Amino acid sequence: LPENWTDTKETLLEGMVFNVKYLGMTLVGQPKGEDMASAAIRRIVAMARASAKKFRKVTLTVSPKGIIITDTETADLIEDVSIYRSKA
């Protein structure tokens with residue numbers, strides 16, 4: 001992240017963009033929790049290591065609206081996950 005990322009409100013509203021390698025995804029039993037996240041990451045890494053495939057380069061955009069993953073080379077949408085915000 002740039003040093004002044006907290007100074008730009010537009011960046012936070014539009015989303016932060018990260019160029020990463022996509023290892024995969026897995027289902028989880030609970031919607032939150034450090035133990036759940038750790039177990040899910042271990043499963044994803046194990047599956048990625050067992051696969052002979054080359055990791056896919058993707059663009060990960062994280063914003064208050066959600067998370068969007070697109071293929072860097074083809075610009076194909078891989079995932080678009082909305083973040084539900086309760087007003088309660």
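Reader: Where does Val 20 lie?

Author: Val 20 lies in strand β1. Please keep in mind that the model is predicted.

Reader: Which residue is the bridge partner of Val 20 in β2?

Author: The partner of Val 20 there is Val 58. Another pairing of this kind involves Tyr 22, whose bridge partner in β2 is Arg 56.

Reader: How many bridges join β1 to β2?

Author: Seven bridges join them, and the two strands run antiparallel. Strand β2 covers residues 56-63.

Reader: Back to Val 20: is it buried, partly exposed or exposed?

Author: Val 20 has a relative accessible area of 31%.

Reader: Which residues form the nonpolar patch on the surface?

Author: The patch is formed by Phe 18, Val 20, Val 62, Ile 67, Val 81 and Ile 83. Together these residues have about 390 Å² of accessible area.

Reader: Let us step back to the sheet. What is the order of its strands?

Author: The sheet is open and has four strands in the order β1-β2-β3-β4, with antiparallel pairing. Its edge strands are β1, residues 16-22, and β4, residues 77-82, each of which pairs on one side only. From one strand to the next, the twist averages 20°.

Reader: What holds paired strands together in general?

Author: Strands of a sheet pair through backbone hydrogen bonds, in either a parallel or an antiparallel manner.

Reader: And how many bridges join β2 to β3?

Author: Six bridges join β2 to β3, and these strands run antiparallel. A hairpin of two residues connects β2 to β3. Across this pair, Leu 60 stands opposite Ile 69 in β3.

Reader: What is the secondary structure of the chain as a whole?

Author: The chain comes to two helices and four strands. Read along the sequence, the pattern is α-β-α-β-β-β.

Reader: How much of the chain counts as buried?

Author: Of the 88 residues, 17% count as buried.

Reader: Could you take Thr 59 as a case? Why does it count as buried?

Author: Thr 59, in strand β2, has a relative accessibility of 17%.

Reader: Which side chain is in polar contact with that of Thr 59?

Author: The side chain of Asn 19 is, through a polar contact of 3.4 Å.

Reader: Now a loop, please. What is the place of Gly 15?

Author: Gly 15 is in the loop between α1, residues 9-14, and β1. With a relative accessible area of 13%, Gly 15 is buried.

Reader: How far apart are Gly 15 and Pro 64?

Author: They are 49 residues apart in sequence, while their C-alpha atoms are 7.1 Å apart in space.

Reader: What is the phi of Ala 75 near?

Author: The phi of Ala 75 is near 65°, a positive value in a residue other than glycine. Most residues other than glycine have a negative phi.

Technical notes: Residues numbered from 1 in each chain as written. Predicted model: local features only at pLDDT ≥ 70, side-chain atom pairs only at ≥ 80, totals over all residues. Heavy atoms only, no water. Pairing = 2+ DSSP bridges. Axes fitted to C-alpha atoms, helices over the stretch in contact; angles between N-to-C directions. Patch = residues over 30% accessible without salt bridge, like charges linked within 9 Å, V, L, I, M, F, W, Y side chains within 5 Å. Areas by Shrake-Rupley, 256 points an atom, 1.4 Å probe, with all protein chains shown as cover. Salt bridge = Lys/Arg side-chain N within 4 Å of Asp/Glu carboxyl O. Buried < 20%, exposed > 50% of the residue type's maximum accessible area, 1.4 Å probe, protein only. Polar contact = N/O pair within 3.5 Å; in protein donor to acceptor, adjacent residues only side chain to side chain.
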